Amino acid sequence: MPVPAPQTIDVNGYPMAYVETPAPADAVGAPLVLVHGSLCDYRYFKPNMAPLGQRRRVISVSLRHYFPEAWNGHDGEFSGEQHAEDLAAFIKALGVGPVHVLGHSRGGYVALRTALLAPDTVRSLILADPGVEISGGPVQIPLDSERGNFREAALKAIEAGDIDGGLALFIDTVSGPDTWRRMVPWFKQMVRDNARTLIGQVAEPRTPLPIDALGALHAPVLLMGGAESPAPYPDVLNALAYAMPEARRMVIQDASHGMNLANPIAFHRAVDAFLGTD
């Protein structure tokens, strides 16, 4: 499945790479911007772009320091705040008004931060197993309460030269045992290309999002989870549902954390049903 030719837009002094499917002649609604999670880039959504692009323009971005940049893991800033600032600037640079934003895993955190930072850029939010911590609520959900220091352990293996071993530890922790072994070659190559972003991710400040601010968001929200997603993602979605009681919920059956790859048909139907003609 070919990936469209990448383009770049300069945002905050950085050439932000993206690919897109042009809007069809009978397009409905605003564009949809897809935001990848850890160890991924704009290629993560390549099986999803054409199906989702049947009704609207679809854009998949690579966040700062991810492929196609060959980052050394040390120079420049790497943080959710910076990525949200970049994403807001990117959307504004598109010049099409507020867009629908779909964020997966850590990309869901970036999408939420973008909506809080620049609400005029976000028409709606789709959060697929977002990697989010919330402050101020009745229940605190630490992202790593049951996962130990898996990021640090994965990075240690990578820096010791066991790249695939470290990546397998990371992917199997977030998606379930034996996921890495079963993944297709293009996915494994994408993750290898982004292995050194773990240096930045391990060091980045992880700031919980305030429950009051989340409750004040006006954009419609879809909370999406894989039926087989491991902890802490189900609890995170429950906490977000408490913080945003008007949000819609959707469970993708026969899928874990990588639900857009494991059950793409159900994933596409859920996204299209939520967006409608908006």
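Predicted model: local features only at pLDDT ≥ 70, side-chain atom pairs only at ≥ 80, totals over all residues.
Pockets are considered at the outset. Rolling a probe the size of a water molecule over the atoms shows where empty space is left. The largest pocket of the model has a volume of about 630 Å³. Its lining comprises 38 residues, and those that lie nearest the centre are His104, Ser105, Val174, Ser175 and His257. Two or more lining residues are given by each of the helices α3 (106-117), α4 (150-159), α5 (163-175), α6 (179-182) and α11 (259-262). Helix α5 provides the largest share of this lining, with four residues. When the lining of the largest pocket is sorted by class, 17 residues are nonpolar, twelve are polar and nine are charged.

The second largest pocket has a volume of about 200 Å³. A total of 14 residues line the second largest pocket, and Leu217, Ala219, Met244, Glu246 and Ala247 lie nearest its centre. The classes of this second lining are ten nonpolar, two polar and two charged residues.

Strand β9 (residues 221-226) and strand β10 (residues 248-252) run parallel and are joined by five bridges. In one of these strands, β10, Ile252 is the bridge partner of Gly226. Together with helix α10 (residues 233-243), strands β9 and β10 make a β-α-β unit that is right-handed. The loop between β9 and α10 contains Pro232, and the peptide bond that joins Ala231 to Pro232 is cis, with omega at about 10°.

Further backbone features occur elsewhere in the chain. Most residues other than glycine have a negative phi, and most peptide bonds are trans. A cis peptide bond is found from Phe67 to Pro68, where omega is near 15°. Pro68 is located in the loop between β4 (58-61) and α2 (80-94). The loop between β4 and α2 also holds His65, a residue other than glycine whose phi is positive, near 80°. With a relative accessibility of 6%, His65 falls under the 20% limit and is therefore counted as buried. Asn12, likewise a residue other than glycine, has a positive phi near 50°. The position of Asn12 is in the loop between β1 (7-11) and β2 (14-21). The relative accessibility of Asn12 is 47%, so this residue counts as partly exposed.

Eight aromatic pairs are found in a search of the whole structure. One of them is formed by Trp71 and Phe78, whose rings are stacked, at 5.6 Å centre to centre and with 10° between the planes. Trp71 and Phe78 are both buried. A further pair is formed by Trp186 and Phe187: the ring centres are 6.2 Å apart and the planes lie at 75°, which is over 60°, so this pair is edge-to-face. Trp186 is partly exposed because its relative accessibility is 25%, a value between the limits of 20% and 50%. Phe187, in contrast, has a relative accessible area of 6% and is therefore buried. Trp186 and Phe187 belong to one aromatic cluster, which also includes Tyr44 and Phe45.

Conventions
Residues numbered from 1 in each chain as written. Heavy atoms only, no water. Pairing = 2+ DSSP bridges. Right-handed = clockwise from strand over helix to strand, strands pointing away. 1 Å grid on protein atoms, 1.4 Å probe; cavity = no way out; pocket = protein on both sides within 12 Å on 5 of 7 lines; lining within 4 Å. Points joined across faces, edges and corners; volume = space filled by probe spheres on them. Nonpolar A, V, L, I, M, F, W, Y, C, P; charged D, E, K, R; others polar. Phe/Tyr/Trp six-rings, centres within 6.5 Å; stacked < 30°, edge-to-face > 60°. Buried < 20%, exposed > 50% of the residue type's maximum accessible area, 1.4 Å probe, protein only.
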